[in-house]
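Please open the structure and follow along.

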Amino acid sequence: MTDAHELIPAARPVIDEEEIEAAVRVLRSGRVVQGPEVAAFEEEFGELVAGRHCVAVNSGTSALHLALLALGIGPGDEVVVPSFSFAASANAVRLVGADVVFADIEADSFCLDPEAVEAALTPRTAAIMPVHLYGHPAAMDRIMDLANRHGLAVVEDACQAHAAALHGTPVGAFGNAGTFSFYPTKNMHSLEGGMVSTGDPELARTLRLLRNQGMEQRYANEIVGANVRMTDVSAAIGRVQRAKLAGWTERRIANAAYLTEHITAANVLTPTVAEGARHVYHQYTVRIRGDRDAAMARLTEAGIGNAVYYPTPIHRLKPYREPDQKAGRTWDLPRTESAAAEVVSLPVHPGLSQQDLERVVAAVNALEEQL
């Protein structure tokens with residue numbers, strides 16, 4: 001619980017005695033890399049993605065990178081990606097040598113707009129990468145229909161959406177591959193780590209080869225691979241967090257429901273949830289109509305942690321802006337630009353007390369008079 005003067009953080013990673021004990025247990029065992037803890041974590045995480053094969057790696061970015069590699073995406077291919085996301089989504093495409101094609105988002109969900117995706121398709125399009133941003137599932141039913149009609153691969157970026165679902169199907173169980181991050185601020189973590197899910201056993205085997213220098217058996221390299229293995233220390237922590245995820249998720253959803261019910265400021269638009277969607281609120285993201293910088297300053301003065309995810313769309317970041325300018329490519333993404341200019345994320349994590357929630361509501365509602 002926080003007092004009236006203490007900052008309520010926007011995110012609070014959980015490292016309790018259970019996580020510490022799990023890490024110490026592994027360290028004492030001497031089996032610390034790609035051992036039994038990793039295998040157990042993969043099996044247990046599979047329960048979140050409808051029993052799909054799961055392959056653990058060292059980060060969410062590695063998960064994205066390996067998924068594209070395993071699907072054979074490379075030079076000459078295009079992958080449709082939202083610009084309103086963390087740069088890792090597009091970086092993974094560039095890392096395999098493919099070209100990024102940006103498509104606009106839906107105004108309500110902040111996720112890829114299937115109509116914008118269809119308009120962005122070309123003869124070189126090989127894959128679509130929907131991002132389940134802030135924990136809200138993208139419109140996967142429509143995206144999968146689009147991908148199936150055009151013979152395209154789908155790589156879900158579910159790095160912010162552990163246990164999210166659409167019409168009862170969990171994210172990570174729609175596309176050819178789903179990818180997750182276990183960074184400390186995510187809904188569950190392993191200190192650092194990632195996971196790829198797939199329903200294709202051959203793709204899963206390729207992913208396992210890619211993460212381990214192309215080997216299944218030592219010194220019997222089958223393909224060119226890398227070292228992006230997960231440690232057993234990380235996996236042990238991830239297993240503890242995985243067991244807690246259901247309770248934490250329900251708390252996030254309840255916290256979000258309280259905020260949505262009680263935030264009444266006319267210049268603050270609370271998040272909406274699409275029909276059939278299970279939003280797991282990695283972030284509780286509002287839109288500020290007015291001076292966002294002033295609003296954020298007021299919230300900080302009131303002790304309410306807040307942040308913007310993401311202030312600069314990927315297509316305007318230097319590594320993407322300059323090459324596109326040279327190639328004469330421009331992007332018309334009005335909903336992306338609007339979101340980047342208006343969004344602010346507020347505390348929603350399971351560590352919030354009732355007093356914390358009331359303080360957040362009071363500070364946000366005060367913005368109606370302050371701006």
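Let us start with aspartate 232. Beyond its neighbours within four places in sequence, aspartate 232 is in contact with Val26, Arg31, Val32, Val33, Gln34, Gly35, Pro36, Glu37 and Val38. This is a predicted model, and in it aspartate 232 belongs to helix H8, which covers residues 232-262.

Which backbone atoms does the side chain of aspartate 232 reach? The table gives two of them.

| Side chain | Backbone atom reached | Distance |
|---|---|---|
| Aspartate 232 | Nitrogen of glycine 35 | 2.6 Å |
| Aspartate 232 | Nitrogen of glutamate 37 | 3.0 Å |

What about charge? Aspartate 232 is buried but has no salt bridge. The nearest side chain of opposite charge belongs to arginine 31, at 6.0 Å, whereas a salt bridge calls for a separation within 4 Å.

Three strands form an open sheet in the order E10-E12-E13, and their pairing is antiparallel. Its edge strands are E10 (268-269) and E13 (343-346), each of which pairs on one side only. Strands of a sheet in general pair through backbone hydrogen bonds.

How many bridges join E10 and E12? Two bridges connect E10 with strand E12 (residues 284-288), in the antiparallel sense. Valine 268 has isoleucine 288 of E12 as its bridge partner.

A helix accompanies this sheet as well: H9, made of residues 292-301, lies across E12 and E13. Relative to E13, helix H9 runs at about 15 degrees.

Methods: Residues numbered from 1 in each chain as written. Predicted model: local features only at pLDDT ≥ 70, side-chain atom pairs only at ≥ 80, totals over all residues. Heavy atoms only, no water. Pairing = 2+ DSSP bridges. Helix = DSSP H or I, 4+ residues; strand = E, 2+ residues; numbered from the N terminus. Contact = heavy atoms within 4.5 Å. Axes fitted to C-alpha atoms, helices over the stretch in contact; angles between N-to-C directions. Buried < 20%, exposed > 50% of the residue type's maximum accessible area, 1.4 Å probe, protein only. Lys, Arg positive; Asp, Glu negative; His and termini not counted. Polar contact = N/O pair within 3.5 Å; in protein donor to acceptor, adjacent residues only side chain to side chain.
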